Amino acid sequence: MHITLISFLNKRRSLYPATEEYNQQQLSAAAKERGHDLSIVNVGDCQLLLQAGASKMLYKSGDFPKTDGFLVRFSTSFGTHIEAMFVKQLTLDGYTVINPYEGLIRAKNKLRTLQLLAHHAIPIAKTVVIKSRSGIDRAVAELGGLPIIVKTPFGSFGRGVVLVETEKSLYSVIELILKYMALGTDSTIILLQEYIREANGEDIRAFVVGSEVVAAMRRTARGGDFRSNFHQGGTVENVHLTPEEHACAISAVRVLGLDYAGVDIIRSKEGPKIIEVNGNPGLEAITKATGVDVAGKIIDFTVEKIKVSREKT
Ligand SMILES: Nc1ncnc2c1ncn2[C@@H]1O[C@H](COP(=O)(O)OP(=O)(O)O)[C@@H](O)[C@H]1O
Ligand SMILES: [Mg+2]
């Protein structure tokens with residue numbers, strides 16, 4: 001089978017280009033091991049031709065390569081809706097695309113993710129969305145007072161997440177974020193979230209492929225940090241999920257419409273709470289912590305999904 005990996009890697013703009021290169025190499029190697037071809041097409045080399053009834057993707061100076069299906073690595077942080085249009089086109093053209101367009105854009109935005117999960121009664125960290133300084137006091141009251149977590153909707157790798165412990169820093173941090181958001185293309189929306197103290201710098205990453213948790217790890221923050229992200233120096237180890245955590249992770253991925261994802265869960269005294277779902281999860285930490293060939297699981301799933309969709313047509 002021939003699979004095309006659509007890469008959104010932009011080496012100049014990406015925070016950790018080597019990480020995403022590693023992920024793509026792992027997927028490539030796993031495909032090869034299974035006797036499949038995987039070619040990598042960077043979205044920077046694609047154009048989109050729109051015309052009535054005959055729109056199509058263009059590639060460099062020629063046609064788009066022939067393929068059986070697509071694996072998308074949506075490692076982009078800005079202008080996500082616009083760039084995702086390339087993924088949407090492949091779907092409109094009838095291809096099997098993993099992860100699907102809708103799932104990717106839902107997961108990219110923490111607000112959209114939490115809204116959907118909450119609607120489906122999946123436990124999340126309690127969150128208040130504010131638009132301006134005037135919403136702060138009410139939000140903090142809803143969250144039961146300080147400390148709280150302040151987040152931007154599109155952060156990743158632990159950047160864009162702040163623990164605010166005093167009223168003094170609360171207003172200035174939010175003003176700073178609002179000011180920089182207003183300069184960019186992001187609309188001014190900030191997430192204020194209950195700080196789950198008992199997390200104590202730890203969280204769980206459940207790696208879901210299809211309707212299975214294929215691997216899970218505990219991440220522990222470095223030193224005094226509250227952020228357990230691997231890219232903030234966090235350490236990782238294999239962990240067993242409780243049945244409740246397992247069920248939460250599976251439901252979250254299904255509700256968001258993703259084929260595979262990393263679900264971040266905090267073990268709170270009230271039970272598991274999801275803080276985010278990553279539709280472009282890293283493979284390195286989870287592979288090293290658990291010994292599971294997650295890249296292989298993704299390729300197996302992709303091949304199976306392509307086969308099933310072919311049988312339908
Ligand atoms: N509400 C919270 N309570 C306690 N710790 C949190 C909370 N939200 C995030 N964290 C910590 O901060 C880390 C980064 O937050 P997250 O929302 O996952 O942002 P990112 O997308 O940058 O990874 C989490 O992995 C977790 O360790
Ligand atoms: Mg995270």
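Helices (H or I, at least four residues) and strands (E, at least two) are DSSP runs, numbered from the N terminus. This is a predicted model, in which local features need pLDDT of at least 70, side-chain atom pairs count only at pLDDT 80 or more, and totals for chains, interfaces and linings use all residues. Residues are numbered from 1 along each chain as its sequence is written, chains are lettered from A and ligands numbered from 1 in the order in which they are written, and side-chain values use heavy atoms, with hydrogens and water left out.

**View 1. A loop with A121.** A121 sits in the loop between α5 (110-119) and β8 (127-130). Its phi is near 60°, a positive value in a residue other than glycine.

**View 2. A loop with K60.** Look between β4 (56-59) and β5 (62-63): the loop there holds K60. K60 also has a positive phi, near 45°, and is a residue other than glycine.

**View 3. Two cis peptide bonds.** I98 and N99 are joined by a cis peptide bond with omega about -10°. N99 belongs to the loop between β7 (97-98) and α4 (101-108). Another cis bond runs from L146 to P147, with omega near -5°. You can find P147 in the loop between α6 (136-142) and β9.

**View 4. Polar contacts of ligand 1.** A polar contact is a pair of N or O atoms within 3.5 Å. A polar backbone atom of G158 is 2.6 Å from an oxygen atom of ligand 1. For E194, a backbone N or O atom lies 2.8 Å from a nitrogen atom of the ligand. S228 uses a polar side-chain atom, 2.9 Å from an oxygen atom of ligand 1. Taken alone, ligand 1 exposes 540 Å² (Shrake-Rupley method, 1.4 Å probe), and the protein buries 99% of that.

Definitions and conventions: Polar contact = N/O pair within 3.5 Å; in protein donor to acceptor, adjacent residues only side chain to side chain.
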